[in-house]
Amino acid sequence: MTVWNTVSTSVEMTEKLGEALGKVAEPGNVITLDGDLGAGKTAFTRGLARGMGLRSRVTSPTFTIVNEYNDENGVPRLFHFDTYRLSCVDDFYDAGLDEYFERDGVCAIEWSSVIEEALPQERIALAISGTGDERTIQISFPEAFLPKMEEVKGKMEKEGMCFENISL
Ligand SMILES: Nc1ncnc2c1ncn2[C@@H]1O[C@H](COP(=O)(O)OP(=O)(O)OP(=O)(O)O)[C@@H](O)[C@H]1O
Ligand SMILES: [Mg+2]
């Protein structure tokens, strides 16, 4: 597992980070987004969708649990979850939502800690914290994602973002 810390100083920068990840994301990838209300989880996902070449504007799926975003051919590409309203992982299983992990799209999951045990081992996890316009973003991912994450890092360093490796 690799763990990086970075700082975003604006909502645009958080979106750009999402966009950079969206450019390298592949069907089947699972990205979890945790952090308080207003941390920037949806902002990140908006950039992710843009990076994946999806045109629709991403909005919070709080009242639907999951929103699907299709490409221009109508093929579902991004599944954006907000599990905030689920009280436990059984609600997730009972609604059959774990089936999304077998589908041919990228899953972005806000408030993923509620469904921790249902999550695949191989995932990219973002923990966002901070107030004002500054957000500390911790990114954890397994070895298999390293080449793609290095690409994301390289792109964001050009945007002025600094990354600190805090892997143990
Ligand atoms: N560096 C930053 N990164 C992201 N958002 C920022 C930043 N600075 C300020 N903001 C503001 O914080 C808010 C983030 O909102 P967003 O809906 O993305 O949060 P969220 O984590 O999805 O919240 P919720 O838990 O309610 O779904 C926006 O109003 C955005 O403008
Ligand atoms: Mg949100």
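How many nonpolar, polar and charged residues does the shell around ligand 1 have?

## About the model

This is a predicted model, in which local features need pLDDT of at least 70 and side-chain atom pairs count only at pLDDT 80 or more, while totals for chains, interfaces and linings use all residues. Residues are numbered from 1 along each chain as its sequence is written, and chains are lettered from A and ligands numbered from 1 in the order in which they are written.

## Around ligand 1

The shell has five nonpolar, nine polar and four charged residues (Ala, Val, Leu, Ile, Met, Phe, Trp, Tyr, Cys and Pro count as nonpolar, Asp, Glu, Lys and Arg as charged, and the others, Gly among them, as polar). In total, 18 residues surround ligand 1, and Thr-14, Gly-40, Lys-41, Thr-42 and Ala-43 are the closest (a residue is near a molecule if its C-beta atom, placed from the backbone, lies within 6 Å of it). Helix H1 (11-24) and helix H2 (41-51) are the elements that give two or more residues to this shell (helices are DSSP runs of H or I, at least four residues, and strands are runs of E, at least two, numbered from the N terminus).

## The start of the chain

Met-1 lies in the segment before strand S1 (2-8). Met-1 counts as exposed because it has 10 C-beta neighbours inside 10 Å (exposed means 12 or fewer other C-beta atoms within 10 Å, buried 20 or more, and partly exposed in between, with C-beta atoms placed from the backbone). Between Met-1 and Ala-49 there are 25 Å in space, C-alpha to C-alpha, and the two are 48 residues apart in sequence.
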